[in-house]
Each structure stands twice: as structure tokens, then as C-alpha cells.
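I opened this entry to keep track of what I looked up. The structure comes first, then my notes.

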Amino acid sequence: MQSVARQVRCASHLGTPVQFRIAATSSRIQWQCQRRSASYYNPLQWIQEKFAPRPRKADPVGEKKSEQEKQGQQSVFEAAVSHEKRPKAKSTETAPTVVKKKATEHKYSTANFKISHRKLNMIGRQISGKPIDHAIVQMQFSEKRATSRIKSMLATAKLHATAYKNMDPSKLVVSEAWVTKGPKQLKRLEPRGRGKFGIRVHPDSRMHVILREGKTFEQLKKEQRERRLRRIVSAGLVREDVPLRNPARTWQW
């Protein structure tokens, strides 16, 4: 302030307008203050002040509507809208639990590919009725050309039945397997002797399988062993209620 007074006195001696000098000096002081405050500027503090939670302003329209609703002075349409917006009271009754039925089978098939339905049906008879793992092993060591495609189809069907239908992979059995012809069979001309020709059919077909949960291979072996043991008859040391098996001799002379 002493420098400001000194400049005012000098300005009065020199004959310059005093108001202009005072305005210029005050603006300079203000700029210096801003510069000093800028050196202490903290961006995190600005963000906290900018995004700090503030009290919500009261909505006069909403307050008026709530007062009208309490007094029962709403129109028909406003009453209907306010009734829809009201939160529904939660009932104490628990919702009934929905029990999903467990899938009993899973159907899968290959795409149409170039093979005769007779040749493919031989592979279908080979895997029908076998556990899925044993069917895959049969296809892995078979020398037929279509077995690689059938093996990948069986592996995919096992994965889908396990992942999507929650079936036990250790009990999956190829319950059914059948073959169908393709929708369009490719036909080409086949030259013959003496200027004649025939029609050669290039067949395509596909295989369908149904996987169901059945007995495992170990269970089947156990049942087979029990069945064979039941057929054994003792040599008369223990009395049994089964007829003695005494087949006749091969040579009877």
C-alpha cells in the first residue's frame, strides 16, 4: 500500500490522471495474488469440491403433487399413475421352488456327408448298445473311412449331454443308432459302350444317435459273472433244487 501511495503522489506531480494509475496498480496487485494462489492450486482438491455430494434441491412440483395426493385432490389420470408407481408390498410367502426334470436322453446326429447308407449302417450296428466310451474306442481303432467323423460326433454328443442336460458321463450308453439318406443325392452321367450312358448316383447320408443313462461296463461284467455262476451245478456234494445236467455221450455205440 505504501508503493501505491507513492505512485499516487508521483502521478499528481507529473500531471497524469490519478484514477487510471490507481486502477492499473490494483489490477496488477490482483494478478499477483492470483499467481500466488495458482502456485498453491491442487487438482485433487478441485475434483473433490466439484464432485462432492450436495443436498438435493426440493422440487416444488413434486411437493405440490404429494400434498394433493394426501388431501385426495388429484385427477383421475394422476391418481392412476401414482398408484402404478407405488412400490408393491413384499409378501411373506416364499415362492414355490421349481424343480427341473432331469433329462433322460440326448439326441445328436452328424451332417450329411458323402457315403452310402449301407456302409454307414454297418458302423451304426457296431456302436449301438455300447457305452459311449467303448463306442469311441471302437471308432478310434476301426479302419473304415467314416469312423473318424463318427468318433468326433460321439465325443461332441457326450460333451453336450454332460454340460447342457446334466447327465452322468460314466453311465451314458448309445441306446439307439440309425442312418438316413440325404435330401438330395448327386447324379452324374456315366458313359457306356456303343454310345450309351447311364446315371451314376453319388449318395450321401447321416447318422443319428440317442444317448441314455444305462449300466456301466463294470456293472454289465458283474451281472454276466453272476449269470455264469448261477449256471454252475455242483457235483452232488450239496443238494440243489435244479435239475442235474447229464448230457449224453457223443459216441453211443
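This is a predicted model: local features need pLDDT of at least 70, side-chain atom pairs count only at pLDDT 80 or more; totals for chains, interfaces and linings use all residues.

I noted the conventions. Residues are numbered from 1 along each chain as its sequence is written, and side-chain values use heavy atoms, without hydrogens and water. Local features need pLDDT of at least 70 and side-chain atom pairs count only at pLDDT 80 or more, while totals for chains, interfaces and linings use all residues.

Next, the secondary structure. I found 9 helices and 5 strands, taken as DSSP runs (helices H or I, at least four residues; strands E, at least two), numbered from the N terminus.

Then I looked up the largest nonpolar core, which has 21 residues. Such a core is a set of buried Ala, Val, Leu, Ile, Met, Phe, Trp, Tyr and Cys residues joined through side-chain atoms within 4.5 Å. L120, I127, I150, L154, V174 and M207 touch the most other members. Two or more residues each come from α6, α7, α8, β2 and β5, and α8 gives the largest share, 5 residues.

I checked M207 on its own. Beyond its neighbours within four places in sequence, its contacts (heavy atoms within 4.5 Å) include L120, I127, I150 and W178.

Last, I looked at α6 against α7. I123, Q126 and I127 in α6 meet A135, Q138 and M139 in α7.

Key: Buried means under 20% relative accessible area, exposed over 50%, partly exposed in between (1.4 Å probe, protein chains only).
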